[in-house]
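Please look through the following sequence and structure.

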Amino acid sequence: MLLNRGEIEMAKEIVDAMAMQRALTRITYEIIEKNKGIANLVIVGIKTRGVYIGQHIANRLQQLENVDIPVGELDISAYRDDQGEPLAAVTKQKLDINIDGKRVILVDDVLYTGRTIRAAMDALMDNGRPAVVNLAVLVDRGHRELPIRADFVGKNIPTSSSERIQVNVKEVDGFDSVEIQ
């Protein structure tokens, strides 16, 4: 679509709230199956939307297995390789849950180049030594720059590098959906 200067391309909803819920339910069942249950499991969500997606997965795990799974919040801004400040000048965040020896499900909204996940892995290792780390993402859009892949994917959405994926969660945006712009 060609746009005149000043026009904004409208977002197109590609995943509605129900489809998003089904994808998260499928991810939850896959987590249970791959881990042969939920013993020793913790969820760590990458701020901001990864935290809320992780909480949705933990809530579904609680419904299915009747066990509360701890959910931690990970702010990776100090670990980004595209920030102007050197890493040593930034205070690194500590998780509020113990990950030593745990089976960690790292959760993010969109997997794109892999750089966010690389930063998250560095942040996790600064917080302890998990037994296993698996990656769960709501959307995998391709275009990897690093050899990183998700273990659990809600939806594969092939995109061009000029397109943008926006995940909306009701806790932040007031509604659940995935849009492409």
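A residue is called buried when its relative accessible area is under 20%, and exposed when that area is over 50%. The model shown here is predicted. With that cut-off, I117, A119, A120, A123 and L124 of helix α3 are buried. Viewed down the axis of α3, these buried residues lie within an arc of 155 degrees, so they line one face of the helix. The cover over the buried residues of α3 includes strands β2 (41-46), β3 (71-74), β4 (103-111) and β5 (132-140). Helix α3 itself runs over residues 115-126, and its 12 residues span 17 Å from the first C-alpha to the last, close to the expected 16 Å. After α3 comes G128, which has a positive phi near 150 degrees.

The helix belongs to a chain with four helices and eight strands. Their order along the sequence is β-α-β-α-β-β-α-β-β-β-α-β. The chain has 181 residues, and 44% of them count as buried. Among contacts with a separation of 6 or more, 69% join residues 24 or more positions apart. The accessible surface of the chain is about 9,800 Å², and carbon and sulfur atoms account for 47% of that surface.

In soluble globular proteins, nonpolar side chains tend to be buried together. In this model, the largest nonpolar core holds 28 residues, and the members that touch the most others are I57, L138 and V167. Two or more residues of this core come from each of α1 (17-34), β2, α2 (49-65), β4, β5, β7 (165-168) and β8 (177-180). Helix α1 gives the largest share, six residues. Which residues does I57 contact, leaving aside its neighbours within four places in sequence? They are L24, I27, T28, I31, I43 and V107.

The last stop is strand β8, where S177 is found. Is S177 buried or exposed? S177 counts as buried because its relative accessibility is 0%, against a cut-off of under 20%. Residues up to four places away in sequence not counted, S177 touches E13, V15, M20, Q166, V167 and N168. One of these, V167, is also named above among the residues that touch the most other members of the largest nonpolar core.

Methods. Residues numbered from 1 in each chain as written. Predicted model: local features only at pLDDT ≥ 70, side-chain atom pairs only at ≥ 80, totals over all residues. Heavy atoms only, no water. Buried < 20%, exposed > 50% of the residue type's maximum accessible area, 1.4 Å probe, protein only. Contact = heavy atoms within 4.5 Å. Areas by Shrake-Rupley, 256 points an atom, 1.4 Å probe, with all protein chains shown as cover. Expected span 1.5 Å × (residues − 1). Arc of directions from axis to C-beta. Core = buried A, V, L, I, M, F, W, Y, C linked by side-chain atoms within 4.5 Å.
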